[in-house]
Amino acid sequence: MAYAAFRSIGAYVPSKILSNEDLSKMVDTTDDWITKRTGIKERHIAAENEFTSDMGVKAAQKAIERSGIDKSQIDMVVCATISPDYFCMPSTATVISTKLGLKNITAFDISAACTGFVYILSIAKAFIEAGMKKNVLIIGAEKLSAITDYSDRGTCILFGDGAGAAIISVTDNKDEAIIDIHTGADGEFADLLMTPNGGSGSAHDSLEQEAGSCFMQMKGNETFKVAVKTLTKDVVEILQDNNIQSSEVKHFVPHQANLRIIKAVGDALKLQDEQVVLTVEKYGNTSGASIPMAINDIYESGKLKAGELMLLDAFGGGLTWGSALVPFSPLK
Ligand code: ACO
């Protein structure tokens, strides 16, 4: 039986920082309000000529280096992004593959907003278990600053840019394998968080009338309530289904949207503070990149060790949600 192992992690964060103080000069807000309501102190913003693919490439290079696998062995690249380099095509995964010099690969993007990384992890697992691919490079990369309305204080305080990547490889050792992944979606809640214009569903005239019409719009407070409910239900279910206690989870790595959401889910699971991975303070919400960036943080700080169990949990536009039970299984 072929299993899928989470071999390595890498991330990239652009150097420019946008602090709460900076935002308070742009919109009617304060550092105090943002910190209390979200836990975010600052976020990183990509340079004008730095694209989602450029950040994805830098994260991927680290993940490949750390995997112990030669890049010629990578046979599929999947990118989760809601801020692709190009609106329709080529996919950001294709651009990244070319910049990395990868040949003979399958490459495509998926759109599941902040749940993107859990979705691409499930895709990698399924392809590997089906025997169709052996080494899959998965990347969550976002230049959210390109689709953020910096005159809307309800959203512009939340989002940042960055990328994270992982190598998922075939193994015959069940102890190394990703244990389980749950994914879900409900379009009934689509209007809570969307970019209403710019696609085939919108009038193209409106784009000319209103330059900012392709920006993200969010009903923050309603999204918050659905997020807490859905995330909690999802992690409780995946733990129960696999007969795993929350105390057995070494690292709970939630999507980094809001400290209050993370704390509510952590409390519901009775997690200790040291189990909960937090990066929201320094990166804000980087959508599909947030979970791999957080995993990279614990890896680079020496907290993530071989064999330790991670519980991933995400929620985002669509609406979409997902959770995963993933042992860290490096080759070296
Ligand atoms: N500064 C100061 N005041 C503000 C700001 C701000 N930046 N933003 C909103 N306010 C005001 C509102 O106008 C409102 O004022 P009023 O009472 O006079 O009407 C008041 O603060 C409360 O507004 P709420 O929207 O109820 O504030 P809330 O506590 O819900 O916090 C926030 C807003 C931070 C957006 C929160 O709702 C949140 O984090 N939501 C979830 C976001 C999320 O998880 N999204 C999903 C993933 S993202 C993705 O998929 C791309």
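Two residues are in contact here when they have heavy atoms within 4.5 Å. Keep that in mind for this predicted model, where local features need pLDDT of at least 70, side-chain atom pairs count only at pLDDT 80 or more, and totals for chains, interfaces and linings use all residues. Residues are numbered from 1 along each chain as its sequence is written, and side-chain values use heavy atoms, with hydrogens and water left out.

**Around L312**
- Skip the neighbours within four places in sequence, and L312 is in contact with F117, V118, L121, V253, I291, I295, G322, S323, A324 and V326.

**The nonpolar cores**
- A nonpolar core is a set of buried (under 20% relative accessible area, 1.4 Å probe, protein chains only) Ala, Val, Leu, Ile, Met, Phe, Trp, Tyr and Cys residues joined through side-chain atoms within 4.5 Å.
- The largest one has 35 residues, and F6, F117, L121, I138, I168, I295 and L312 have the most contacts inside it.
- Elements that each supply at least two of its residues include β1 (3-12), α5 (116-129), α11 (290-300) and β12 (309-316); helices (H or I, at least four residues) and strands (E, at least two) are DSSP runs, numbered from the N terminus.
- α5 gives this core its largest share, eight residues.
- There's also a second, separate core of 22 residues, with A60, A93, L137 and A163 among them.

**The ligand**
- Of the 28 residues around the ligand (a heavy atom within 4 Å), T29, R37, C114, N221 and N258 come nearest.
- The side chain of N258 has an N or O atom 2.7 Å from an oxygen atom of the ligand.
- For the side chain of R153, that distance to a ligand oxygen atom is 2.9 Å.

Definitions and conventions: Buried means under 20% relative accessible area, exposed over 50%, partly exposed in between (1.4 Å probe, protein chains only). A polar contact is a pair of N or O atoms within 3.5 Å; within protein, one must be able to donate a hydrogen and the other to accept it, and residues adjacent in sequence count only if both atoms are side-chain atoms.
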